[in-house]
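Here is a briefing on a structure. Look over the sequence and the model before reading on.

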2 protein chains.
Amino acid sequence: MKEQPVKFSSKTVHYFFDVDFSILTEHYPKEKLLLITDENVYGFHRQRLNGIKSIVIKPGEARKQQATVDAIILQLLEMQADKQTVIVGLGGGVVTDIAGYVASIYKRGVRLVQVPTSILAMVDAAVGGKNGIDVGEYKNQVGTIYQPDLLLFDYSFLSTLPREEWINGFAEIIKHACIKDDSQFEFLAHHTIDDFINDKNLLASFIEKNVGIKLNVVLNDEMETGERKLLNFGHTLGHAIEACYNLPHGHAISIGMVAAATLSNELASLSLPEKDAIKQLLRKYGLPVHFAFDTDKIWDILANDKKRENNHMSFILLNKIGEGVVQSIPLNQLKKLIHQRLLD
Amino acid sequence: MKEQPVKFSSKTVHYFFDVDFSILTEHYPKEKLLLITDENVYGFHRQRLNGIKSIVIKPGEARKQQATVDAIILQLLEMQADKQTVIVGLGGGVVTDIAGYVASIYKRGVRLVQVPTSILAMVDAAVGGKNGIDVGEYKNQVGTIYQPDLLLFDYSFLSTLPREEWINGFAEIIKHACIKDDSQFEFLAHHTIDDFINDKNLLASFIEKNVGIKLNVVLNDEMETGERKLLNFGHTLGHAIEACYNLPHGHAISIGMVAAATLSNELASLSLPEKDAIKQLLRKYGLPVHFAFDTDKIWDILANDKKRENNHMSFILLNKIGEGVVQSIPLNQLKKLIHQRLLD
């Protein structure tokens, strides 16, 4: 018997903040570019796409399934897309997830550029290399961790983003501030969502900082064995509510963050005024902080969560604003707390 | 505008040569192991699998399609296989390809162990992390490069391998010798396939050396931008013939190697006696060196090959035995040569 360890290599991603989409053709030959986008983005921005070959999918989370991937693969083969193809995901989280996944599996991986066009995709979905498709009603059960060559932030695409989607995106922005950066939390508290919608420079400099939080966490823990779990703040309960009630993602995790803040006050060192400040900030950015959910139903989903281990569940709490912590909570204690006044 | 490069991390694979399959349960909790195997291997070796949970697929290349992957994913979800699952690919190249692919996409990647049970899988399919599924008749159009945690070589599984499959496997063994190691070529020329079938120690020491060739090539070029292409020696034409005529993989690439040797004599510095020695060695190990294929049909498939780039195709030639080289051949020249006497 002989044992031989063999070490494999790594990769570098280039983040371009505040650039124009058109720089793409400076980086790659136009004929090698292949856009994957959805009907909404294509409808609004077709004239800016400069005739780049495009695969246009129907919008919406319901399309984030293998059938969509199968259809895209067949189109790529028909187009004779080769190993030198550069797949460009241009859209919100569903598009960047599908584009990322397809790029990672087509001919065992082709180059990928992500151009997120929603706040949610800019600060979360497109950052960190995670992609995924749903299997039936189960979210993100299939996917890869696949880093793009480039990630372009062109804020002009946000001009057609509905206000509801700005609000959704700010839920993740606030989450990042809560777990890692009290100064960003303060900055958000001194502004409104309209400040960001109306001032591109303010938005650009803030998004870059906020993306930096996620990026640092991901870099410290690419394969999600430790610190990356902090990014689940508000998501354990949030995902359960989202699955159960079909709320927008940002709304669901806002409610989840309020619940996690309440738990943080009971089980970690988050003060009551800090907990209230979190609720207040979420409300200020148009997010719900109250939701009369069916606690039994939600508990059933939670008890099946993949973050459960034996009789404990790994939960993200805050010691204070800007300091998230992974804590293992006994299931019976969690059950009691959830059936009590979690959203007060 | 701001550009920020970000570097991601790497991984280590442990190769265990000449071990017993049972060491698996020393490395992982048995309840976390999940075998993917086929009806042949399962039928022969069921009693050795020690009750480890298994997903058993039908054997054969025709099953290497997305439909099989879909069915396995559904079974994994039904079994509530979580992120701590260790998928074990136990079988020949089709099984290790499917198991590797599934492990790379299920829940964005779970741990993978490969236990190749054929010569072909031991020296080729399971080594280097490449996996793939076919899309219709197009081979390996979808897949990933995903490294296992462990790769176990348990030669006792070979006791039930049909002679035809030994012959198939030796095609890849000879390929490795051709592109990188003339001393292994000589060693093969001084033995017969029965020497290896009948002497486990001879086999074990030779397989380890032969795997070493592939491993070195892969390590120098994990993402196949350069040297790894050498492993395609005989495969460009071989794959086309395989797709067209449904020959065994080893037979197809044997014919492909003869063709590539002929091209190497025309376009690189391979001598005629060396070309003949390659044909002779392939014939000695029971492999075909002649095949009257339909050149028009084969050309159509070649023109769609993923190794095609604009008007050239990247082709692997030999400067001499033990020295492969990547050469870009203009498509029109290649077409002419293929329509001539490529297999003389």
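The notes below cover domains, a helix, individual residues and salt bridges.

This is a predicted model, in which local features need pLDDT of at least 70, side-chain atom pairs count only at pLDDT 80 or more, and totals for chains, interfaces and linings use all residues. Residues are numbered from 1 along each chain as its sequence is written, chains are lettered from A and ligands numbered from 1 in the order in which they are written, and side-chain values use heavy atoms, with hydrogens and water left out.

**Domains of chain A**

- Chain A is assigned domain 1 (2–160) and domain 2 (163–339); the bounds come from an automatic or database domain assignment.
- The centres of domain 1 and domain 2 of chain A, taken over C-alpha atoms, lie 26 Å apart.
- In chain A, 16 residues of domain 1 are in contact with 23 residues of domain 2 (contact means heavy atoms within 4.5 Å).
- Together the two domains of chain A bury about 1900 Å², with 70% of it on carbon and sulfur atoms. Buried area is the accessible area (1.4 Å probe) that two parts lose on being put together, summed over both.
- Between domain 1 and domain 2 of chain A there are 2 salt bridges (a side-chain nitrogen of Lys or Arg within 4 Å of a carboxyl oxygen of Asp or Glu).
- D18(A) and K200(A) form a salt bridge through their side chains, at 3.1 Å from N to O.
- On the side of domain 1 of chain A that touches domain 2 of chain A, β2 (11–17) and α5 (119–125) each supply at least two residues. Helices (H or I, at least four residues) and strands (E, at least two) are DSSP runs, numbered from the N terminus.
- The most comes from α5(A), with 5 residues on the side of domain 1 of chain A that touches domain 2 of chain A.

**A covered helix in chain B**

- Helix α10 (residues 235–245) of chain B has 8 of its 11 residues buried. Buried means under 20% relative accessible area, exposed over 50%, partly exposed in between (1.4 Å probe, protein chains only).
- The buried residues of α10(B) include H235(B), L237(B), H239(B) and I241(B).
- Among the elements they pack against are β8 (138–142), α6 (163–180) and α11 (249–267) of chain B.
- N246(B) follows α10(B) and has a positive phi, near 60°.

- S264(A) sits in helix α11 (residues 249–267) of chain A. S264(A) is buried, at 0% relative accessibility.
- Not counting residues up to four places away in sequence, S264(A) touches S269(A), L270(A), L317(A) and L318(A).
- V69(A) belongs to helix α3 (residues 66–78) of chain A and is buried, with a relative accessible area of 0%.
- V69(A) and I98(A) are 29 residues apart along the chain, with 7.1 Å between their C-alpha atoms.

**Salt bridges**

- Over all chains, the structure holds 23 salt bridges.
- E39(A) pairs with K58(A) in a salt bridge (3.1 Å, N to O). E39(A) is in helix α2 (residues 39–45) of chain A, while K58(A) is in the loop between β4 (54–57) and α3, 19 residues apart.
- E39(A) is partly exposed at 38% relative accessible area, and K58(A) is partly exposed at 42%.
- K139(A) and E61(A) form a salt bridge, with their closest N and O atoms 3.5 Å apart.
- D20(A), R48(A) and D154(A) are linked in a network of salt bridges.
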